[in-house]
Amino acid sequence: MSLTLNTEYLKGFLTEAELSAASKEAAEAARALAEGSCAGNDFIGWRSLPTDYDREEYARIKKAAARIRESAQVLVVIGIGGSYLGARAAIEFLGGAHFNDLAPLKVLFVGNSICPEELQHALDLCEGKDVCVNVISKSGTTTEPAIAFRVFKKYMEDRYGKQEAAKRIFATTDKARGTLKELSDREGYETFVVPDDVGGRYSVLTAVGLLPIAAAGFDTDKILAGARAAQQAYANGGDNVSDLYAAIRSSLYRKGKKIELYTCYDPAFTMFNEWLKQLYGESEGKDGKGIFPASVIFSTDLHSLGQYIQDGERTVFETVVAFRNVRRDLTVQAEPSDFDGLNYLAGKTMSEVNRTAMQATLMAHVDGGVPCLVLEADAMDETSLGELFYFFEHACAVSCALTGVNPFNQPGVEAYKKNMFRLLGKPGYTK
Ligand code: PA5
């Protein structure tokens, strides 16, 4: 396990007694999770995914990924929320924010909004390239991906004919039920399963995440190995970094820190932040309770939100995710005339400068009344990614128990849908 949690920037914000009480609660919550006696216990299948996955399906995922790479230059992934954020977080974490500009296979994520121009741009990007589609929806009825799939199904059939299109469309959905499953069986699409006991935001280590990630060329064996190490480390509850993180964030919340700022100093983490925001927001924000998850990329956002964080309302705490090793580095060169006054940095690598920016910011934010936690992983690679996914999923379930909410339901997301369906005249919603 490479993850460590540095708590030195919490001094003065939490007492030993507060932390020790919350740690005991976290250990109990983790034990209830392990025993399956927690709230929402019919949705804890994610816990054993790194070890108890369907081997036959996993082999098919790898084969399908290889076929996509051989036969296409664009993979269109259609899904929203938990049916897209994990895959996109992983691909950008591993391949960088410019993955699509550099990789031989572009992965386009569509159906995660109702914006017509977005979809039109995706169609434009497919022109002149061979295309495969992975449509992902557990329910099979979510409006945004359903609209996008209707458009792309027609596009694929017009372009390739029905038979060839069917070979290029892969569906990830419920194993037996739902519109998408029925359609896939009728049309002959290869299907992959979102297990019944795994909710959308906990599904990245199922085919939902693994097929697009493998198609993008990344090593899913290593991701699962990283997650497996975390699964083993947190199996019994108590003395581990994930439970400690849950205890800390819960203690801070009880002391009025209501906003958690997920922070990273690498833009490749941007979509991982989005995945975190969904995981924690949808799991914890209910019954009038819950920490509001927000995110920043530094140093970029120090030039926009930095003022507020340093000096605004004191309701924020920061969870920094840092990496011990960088993938690529650059050294600042000496310049004879020193026209920009930067020669004091000559010989330093950009990663050293970035690391120093992090230290300086942590010190400033602590001085300004912002408690900070630093979670450190080895590198932005597959193994650390698997560990991080599992670390945050486990901590989220434990945190929700400490907040007193069911981590695995999302009753609040239905409210806008009912209004939208009524306004659009969907049958059954017109009154
Ligand atoms: O976490 C969740 O459950 C949600 O974000 C869902 O993943 C999202 O609403 C998409 O649902 P579906 O996969 O049924 O289309």
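The structure is a predicted model, in which local features need pLDDT of at least 70 and side-chain atom pairs count only at pLDDT 80 or more, while totals for chains, interfaces and linings use all residues. Residues are numbered from 1 along each chain as its sequence is written, and side-chain values use heavy atoms, with hydrogens and water left out.

**The parallel sheet**

Helices (H or I, at least four residues) and strands (E, at least two) are DSSP runs numbered from the N terminus, and two strands pair if DSSP finds at least two bridges between them.

**The mixed sheet**

Another open sheet of five strands has the order β1-β10-β9-β7-β8, with mixed pairing. Its edge strands, β1 (4-6) and β8 (292-297), each pair on one side only, and neighbouring strands are turned by 25° against each other on average, direction ignored. Strand β7 (residues 259-264) pairs with β8 in the parallel sense over six bridges, and Tyr 262 has Ser 295 in β8 as its bridge partner. Helix α10 (residues 241-254) lies across β1, β7, β9 (316-325) and β10 (372-379), running at about 30° to β1. Helix α14 (residues 382-403) packs on the sheet as well, touching β7, β9 and β10, and its direction makes about 145° with that of β10.

**The ligand**

The residues around the ligand (a heavy atom within 4 Å) include Ile 80, Gly 81, Gly 82, Ser 83, Thr 142, Arg 201 and Glu 282.

| Residue and its polar atom | Distance to a ligand oxygen atom |
|---|---|
| Ser 137, side chain | 2.6 Å |
| Lys 138, backbone | 2.7 Å |
| Gln 278, side chain | 2.5 Å |

Taken alone the ligand exposes 380 Å², of which the protein buries 84%; accessible areas come from the Shrake-Rupley method with a 1.4 Å probe.

**Aromatic pairs**

Rings of Phe, Tyr and Trp (its six-membered ring) pair if their centres lie within 6.5 Å, with planes under 30 degrees apart counted as stacked, over 60 as edge-to-face and the rest as tilted. The count by this rule is 29 aromatic pairs. One of them is the tilted pair of Trp 46 and Phe 408, at 6.3 Å centre to centre and 45° between the planes. Trp 46 lies in the loop between α1 (16-35) and α2 (55-71) and Phe 408 in the loop between α14 and α15 (414-424), so the pair ties together parts that are 362 residues apart in sequence.

**Local backbone features**

Most residues other than glycine have a negative phi, and most peptide bonds are trans. Asp 287, in the loop between α11 (270-284) and β8, has a positive phi near 55°. The peptide bond from Phe 298 to Ser 299 is cis, with omega near 5°, and Ser 299 lies in the loop between β8 and α12 (306-311).

Notes
Axes fitted to C-alpha atoms, helices over the stretch in contact; angles between N-to-C directions. Contact = heavy atoms within 4.5 Å. Polar contact = N/O pair within 3.5 Å; in protein donor to acceptor, adjacent residues only side chain to side chain.
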